[in-house]
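Colleague: Can you take me through the packing in this one? I'll ask as we go.

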Amino acid sequence: MHAKDSKKPTLSFWQIWNMSFGFLGIQFGFALQGGFMSRIFQTLGADKDAIPLLWIAAPLTGLLVQPIVGYLSDRTWHSRFGRRRPFFLIGAVMSTIALFFAPYSSALWMAAGALWILDASINISMEPFRALVADKLPDSQRSYGFVVQTLIIGIGTWVASNLPWFMTQIGIPNTAEAGVVPDSVKFAFAVGAVVLFGSILYTILTTDEYPPEDLDAFRRENEESKGFLNGLQEIFKNIAGMPSVMKQLGIVQFFSWFAFFTMWSFATPAITEHVFKATDTTSQIYNDAADSVGNYLGTYGLVSMFFALILAFVTSKVKINRKMVHMLSLIAGGVGFISIYFVQTPWMLHLCFALVGVAWASILSMPYAMLSSAVNPKQMGVYMGIFNMFIVIPQIVAALGGINFSYKLLFGEEVIYTMVLAGTSLIIAGLANLLITDRSATHDG
């Protein structure tokens, strides 16, 4: 089977589901990391303003790891495991170990180190999954394929975000002595580790890959350009020569991921303080409130799942304007974040995060559908990895003081203003879609 786009067969929903199912576990890792690492940091004594800095190792790792993994996966072919699947397996093993041990950290430096290892490991698996969709699907199915991935991600986000709350409901304690992570969080991370490994293994066992069109030529090219320095030179060459669509999407991505990094870093302290009036991290009211925050974060995962389901149906039937879908979705999410400031009763947070879920579903699908139509298929892995720069750079900016400086300068000292900052950033990201004018990227092929 040749990998030329014109010769790629259309795949069924279940074939796309199988090759994307590993994202369920990846999202378990990201949801537990994003929803509860800040809680772990606070439990271990971190000041709220120090939380973003504790997160910085994660995006720094992604900045380095993903372009390299993408480049290596483009150059890999194994007769049994294919091109992308070896990286799925390596990342799965490392992520499973890191996810299991993260909540057992007894000091801040250990928790920050666990986050670093976990994020690096998940990154090894994640971008090859994005490249696999582009490898396997013709352009006419790209939006559909990335939306199916988003559907799986939504399921993972909802279930994983609710795991600590569920553990509490079945009787596992959600409080512990000062400086100790509650058992409900530990059990949730253990379940996440099992799901992560199992789901990625399922994709490895149920999905095949197309070999290079000319395997002998592929091997000769790899032999001629082998070596660490040649690899770095090739990556930097690709960065310098990235398509204009990729640069325009980079602006959208910057403000989108700045917003979500702000949420992951500050949603727990912002909501527990502003809505529940809870500040003592050893108290029952704080831990109940923190469990509830996980429940609200689960809402954005649940809604992203349903929105992705709707998009999957639509994109399987008609061609869509990817740019307009993305713009309107991001603006909806921005309104959701800003609305948190005005919440009077906790149940209203479900409505706020429902709007955030619409944005999340679009962030995980539309940019990749647009990008995959604008780059050389032979370099899909490395460009997907390079594209990650526009995800991790805003996180690095945020972690190095961008959040603390911005929300205090623009809005005020109260930590709830971080959510207003996130909303503002997401609306800017939505409007930035107007910069993208290449019709081959903005519309289904």
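Colleague: Which residues is Met 263 in contact with, leaving aside its neighbours within four places in sequence?
Modeller: This is a predicted model, to start with. In it, Met 263 is in contact with Leu 297, Tyr 300, Phe 337, Phe 353, Val 356 and Met 419, leaving aside neighbours within four places in sequence.

Colleague: And which residues touch the most other members of the largest nonpolar core?
Modeller: Met 263 again, together with Phe 260 and Phe 353; that core has 136 residues. H11 gives the most to this core, with 15 residues.

Colleague: Where do H11 and H12 meet?
Modeller: On the H11 side the residues are Phe 260, Met 263, Trp 264, Ala 267, Thr 268, Ile 271 and Thr 272. They meet Tyr 286, Ala 289, Ala 290, Val 293, Leu 297 and Tyr 300 in H12.

Colleague: What's the angle between the axes of H11 and H12?
Modeller: The axes cross at roughly 140° and come within 8 Å. The crossing is right-handed.

Colleague: Why are H11 and H12 called oblique to each other?
Modeller: Because roughly antiparallel needs an angle over 145 degrees, and the axes of H11 and H12 cross at roughly 140°. H11 and H12 are therefore oblique.

Colleague: Staying with H11, is Ser 256 buried or exposed?
Modeller: Ser 256, which is found in helix H11, is buried, with a relative accessible area of 0%.

Colleague: What does Ser 256 touch, not counting residues up to four places away in sequence?
Modeller: Leu 330, Ile 363, Leu 426 and Ala 429.

Colleague: On to H18, then. How many of its residues are buried?
Modeller: H18 is mostly covered, with 12 of its 16 residues buried. Among them are Met 419, Leu 426 and Ala 429.

Colleague: What covers the buried residues of H18?
Modeller: The cover includes helices H11 (244-274), H13 (322-339), H14 (348-363) and H17 (389-410).

Colleague: How far apart are the end C-alpha atoms of H18?
Modeller: They are 23 Å apart. The 16 residues, 417-432, should span 22 Å at 1.5 Å a residue, so the two values agree.

Colleague: Last topic: where is Asn 388 found?
Modeller: In the loop between helix H16 (380-387) and H17. Asn 388 is buried, with a relative accessible area of 2%.

Colleague: Which residues is Asn 388 in contact with, neighbours within four places in sequence aside?
Modeller: Gly 62, Leu 63, Gln 66, Met 126 and Glu 127.

How values were computed:
Residues numbered from 1 in each chain as written. Predicted model: local features only at pLDDT ≥ 70, side-chain atom pairs only at ≥ 80, totals over all residues. Heavy atoms only, no water. Helix = DSSP H or I, 4+ residues; strand = E, 2+ residues; numbered from the N terminus. Expected span 1.5 Å × (residues − 1). Buried < 20%, exposed > 50% of the residue type's maximum accessible area, 1.4 Å probe, protein only. Contact = heavy atoms within 4.5 Å. Core = buried A, V, L, I, M, F, W, Y, C linked by side-chain atoms within 4.5 Å. Axes fitted to C-alpha atoms, helices over the stretch in contact; angles between N-to-C directions. Parallel < 35°, antiparallel > 145°, perpendicular 65-115°, else oblique. Left-handed = near helix turned anticlockwise from the far one by under 90°.
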